[in-house]
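Thanks, everyone. Please put the model up on the screen, and I'll walk you through it.

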Amino acid sequence: MKRILICLVLCLCLLPLGAMAEFDAASLAGQTLNVYNWGEYVDMDVIRAFEKEYNVRVNYKTFESNEYLWLQLSSEDAWDVIVPSDYMIERLIKAGKLQPIDKTIVDNLDQLAEGVQNLSFDPDNTYAVPYFWQTVGIVYDTTKISEEEMEAQGWEAFRNPAYAGHAYMYDSSRDGFMIAEKALGYSANTTDEAEIMAANEWLEDMHKTLKPSYVTDEVIDSMAEGLKWMALVYSGDAAYILSENEDMAYCVPSQGTNVAIDAMVIPANAKNPTLANVFIRYMTGYEASLANSTEVGYASANAEALAELSGPGGEYEGNEAYIPRSGYEKDEIYVDLPSEWQARQPDLWEKIKIQ
Amino acid sequence: MKSFFRMSYPYILWIGLFIIAPMVMILLYAFTRSSDGAITFKFTLENFGRFLSDPTFLKVLWTSLRIALITTAVCILIGYPAALFIANLPEKRQTFLILLLTLPMWINMLLKTYAWRGILMNFEIESEIKVFIGMVYDFLPYMIIQIHTAIAKLDRELLTAAYDLGANKWRAFLKVTLPLSVPGIISGITLVFLPAVSSFVIPKLLGGGNYVLIGNLIETYFLVAGDWNFGSAISLIMALIIIASMYLTRKLDTSGKEE
């Protein structure tokens, strides 16, 4: 009798948790979730709070590029949640390496911001739930280059001899070709030989006239310290730079740019898909989104968190780089290029840098 | 004896798995081409032809070699007098100074390079000079320790004999100390030149993004372009250069001993 009573009380205690979503939270206790995300892309307190709330352990590891993630997935299989970018998600879907999101668990997709809804690579969130999103633009020092000057030039600023030796170029072949293609009025996803070779010529000219330093993440601190006049930067990093150095401004050229979305997906061979879905639901919620975006500076995919942080009194109030431009017709999400160009663009890019 | 040999099995297995097998794979990749992930096992020299016929790649090779050569030369020029100075001190102070020399080696190379980046950022120096400062700083201890070991174990009686026969200090150095310390210089070169030629972190961090080196190329073709065949060919060319320079230095060493 006593035992039954205890059981009953326990079940009653668990009831409110179970009613929140279509999973049994108690059965998750003690499990391990393997998460693979970009470096410096989370507030670790959020991960710890998740571990505590569900009494689970999160094995959190980081990667540095989509291509590296792709290689890792081909050889290893231990991940439950990974956070690739748009074009890589497209490739993963095509290769059959993802499993659908369980929308009975992830029941908060209506909280997604307008800019990350109905995305070309996965229109109805069958496989992916957006995490952070961003544009590519130019951070520049307003004491050296005026706003009108920069807005008028857009990407052509990278071919202005007046800025020679004072610019950082992000060392990424895809982004490099994107700015050249946009400057020339092409699509950032072109596979037309003549257009890509014209973009290649544009970049050779950029290399010769601007003599930029090719950098990756060092650009964030270097621009915060104002070491150079301008740099190609992702909007999330730009938001941080602008909050550190008030001379800096962010320009998203009118020729159009890349809008990039990093989204949470579950590999087909994930060992713990239920917990993975629970995690995705948790990370999409308002509180986790607010904490992550505050910590990292990238635009949240959660509409409410986005509004809160950019609104009056928010962490990024008045920060022009925080909310990515959306709905602009010349902006494009990257498409997964055919394998020929996947190999040729980096090859051309290396040769541009060596010249 | 036989039972001792058995104890080396784990090590042989280790070599086989983690050294021989990857090398065989690199060889295989370097001499083949793959299309869309499928490898066709057809022998080809295409990857090597592509590297050697392209002046931009040869320029990268030359930059890597030039940085390594200059670093090694500067290390000898600074390291030899330093080693000589240390070797002529009383033994207790020698041990202490060598300990001081090895101290920075306990710190992670990346940390040291970031520290240099912070220091050098405040100075208007050519980025190439910054690279050399970082490289020489990192590799100098290896050179000094190698030369010091050679000089310290040199038989002092030989110098006394030289003086007895009327040699002045300078002449004794040229005829006795220098030739006998050549093995030290050679192993110093091996320890400095080989890592220097394949290093790319220091030039990348201190050169302000103005250098593309062999290491960067290999990284790009493997990780970004996904062209493992070409990446393997570049790695193999690199390996050949290292083997060739090891052969040359050993040759120098043995010809020095025969004299």
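How far apart do the C-alpha centres of domain 1 of chain A and domain 2 of chain A lie? They lie 27 Å apart.

Some ground rules. This is a predicted model: local features need pLDDT of at least 70, side-chain atom pairs count only at pLDDT 80 or more, and totals for chains, interfaces and linings use all residues. Residues are numbered from 1 along each chain as its sequence is written, while chains are lettered from A and ligands numbered from 1 in the order in which they are written.

Back to the domains. Domain 1 of chain A covers 24-133 + 261-310, and domain 2 covers 134-259 + 322-354. Those bounds come from an automatic or database domain assignment. Where they touch, domain 1 of chain A gives 19 residues and domain 2 of chain A gives 15. Contact here puts two C-beta atoms, placed from the backbone, within 7 Å. On the domain 1 side, α5 (86-94), β5 and α13 (303-310) of chain A each give two or more residues. α5(A) gives the most, with four. Helices (H or I, at least four residues) and strands (E, at least two) are DSSP runs, numbered from the N terminus.

By class, that domain 1 side has eleven nonpolar, four polar and four charged residues. Nonpolar means Ala, Val, Leu, Ile, Met, Phe, Trp, Tyr, Cys and Pro; charged means Asp, Glu, Lys and Arg; the others, Gly among them, are polar.

Next, two strands. β1 (residues 32-38) and β2 (residues 57-63) of chain A run parallel, joined by seven bridges. Strands pair if DSSP finds at least two bridges between them. A:Val35 has A:Tyr60 in β2(A) as its bridge partner.

Now helix α7 (residues 173-183) of chain A. Eleven of its eleven residues are buried, with 20 or more other C-beta atoms within 10 Å of their own. Among them are A:Phe177, A:Met178 and A:Ile179. The packing partners include β5, α8 (193-210) and α14 (339-354) of chain A, plus α11 (214-224) of chain B. Just after the helix, A:Gly185 takes a positive phi of about 85°.

Last, the chains. Their contact takes 15 residues from chain B and 18 from chain A. On the chain B side, α11(B) has the largest share, four residues.

Key:
Buried ≥ 20, exposed ≤ 12 C-beta atoms within 10 Å, placed from the backbone.
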